[in-house]
Amino acid sequence: MRVPNSVVLPVGTHVDCCQEQEVAEKTRDIMARITAMLAERKSNLAHFIDNLEGSEEPKFYVDQWERLKEMESCALTILNLVAVNCTDHHAIRKLQATILKHVRNEELFPEVVRVLPPVYRQVEAAIADIAESEEVADHGMMDLQYLLSKLSQHKNLASLSRELLQDILRYLHRIGLIVWYEEIKHLESTVFLQPTFLITMFKLLVRHQLVQQLESIS
C-alpha cells in the first residue's frame, strides 16, 4: 500500500483441503474483503486529511498532510485471486504461468518494455557472483559501501558511483534479486544478497498456528 501503482495477485492455498464449492465461496469472500479493506483505507485517509486541513493550525501539520496525500495517491491494482493446490505440481506450474502472463502485461507493468543501460546487467551479474562466493555468509548480508567496493573491482565497474548503485539496487529490489530496505533507517546501509534467507527466517517467526504451538509448550 506504500508503493505507487502496486499490482497485487492474491493467492489462496490449501485448495486440497476444500470442496470445489468451498473454493468458489472463499474466493468470493476474500475478494469482497479486499475490496472492503481498500474502501475503508481510502475513507480513513480522506478523514485524516480533512481533519488536518480543518485544524486550527494546519501549517504545523504540513509534513503529515503531505505524507497522507502521498499515500492517498498510491493506487493499488488487485488482480483476481488464484486458488492453488500446493501439493499438485501441475497447479504450481499453472500459477507460474499466470504470474508470467500478468508480468508481461504492458498495461499493468509499463516498464516491462523499458531498455535498461548495460551497466544494470553488469552490476546484476557481478552481485550474483558475489552472492555465490565463499566469502559471503549464508545470510547474505553486506554493507552497502563494502558492496560498492567489491563491485568496483569488477571489469567495467571501476567508475561505479554510489548514487548509480543505489538506483540499480532499487531496480534489483523490485525484481526480487536482492532486498534493500532503504526506507528503514537502521537497515539503509545493509543489502541482503540472499532474499531466500529472509524468507526462511520469516517462516520461523511468522507461521500458521504459532500461538497454539507456543501455548502447547509446558
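This is a predicted model: local features need pLDDT of at least 70, side-chain atom pairs count only at pLDDT 80 or more; totals for chains, interfaces and linings use all residues.

Colleague: Which residue's side chain does asparagine 85 join in a polar contact?

Modeller: Threonine 87. The side chains of asparagine 85 and threonine 87 are joined by a polar contact of 2.5 Å. A polar contact is a pair of N or O atoms within 3.5 Å; within protein, one must be able to donate a hydrogen and the other to accept it, and residues adjacent in sequence count only if both atoms are side-chain atoms.

Colleague: Where is asparagine 85?

Modeller: In the loop between strand E4 (82-83) and helix H3 (89-103). Helices (H or I, at least four residues) and strands (E, at least two) are DSSP runs, numbered from the N terminus.

Colleague: What is asparagine 85 in contact with, leaving aside neighbours within four places in sequence?

Modeller: Val15, Asp16 and Ala91. Contact means heavy atoms within 4.5 Å.

Colleague: New topic: H6. Which of its residues are buried?

Modeller: Leu165, Gln166, Ile168, Leu169, Tyr171 and Leu172. Buried means under 20% relative accessible area, exposed over 50%, partly exposed in between (1.4 Å probe, protein chains only).

Colleague: And what do they pack against?

Modeller: The buried residues of H6 pack against helix H4 (118-132), helix H5 (144-151) and strand E6 (190-192).

Colleague: How do H5 and H6 cross?

Modeller: Their axes come within 11 Å and cross at roughly 100°. Axes are lines fitted to C-alpha atoms, for helices over the stretch in contact, and angles run from 0 to 180 degrees between N-to-C directions. H5 and H6 are therefore roughly perpendicular (65 to 115 degrees).

Colleague: Which residues make that contact?

Modeller: From H5, Leu144, Gln145, Leu147, Leu148 and Leu151. From H6, Arg162, Leu165, Gln166 and Leu169.

Colleague: What comes just after H6?

Modeller: Glycine 176, with a positive phi of about 90°.

Colleague: Back to H4. What do its buried residues pack against?

Modeller: Strand E5 (141-143), H5 and H6. The buried residues of H4 include Val119, Tyr120 and Val123.

Colleague: Last one: isoleucine 30. Where does it lie?

Modeller: In helix H1 (residues 20-53). Isoleucine 30 is partly exposed, at a relative accessible area of 32%. Isoleucine 30 and proline 10 are 20 residues apart in sequence, and 8.9 Å apart in space, C-alpha to C-alpha.

Technical notes. Residues are numbered from 1 along each chain as its sequence is written. Side-chain values use heavy atoms; hydrogens and water are left out. Angles under 35 degrees count as roughly parallel, over 145 as roughly antiparallel, 65 to 115 as roughly perpendicular and the rest as oblique.
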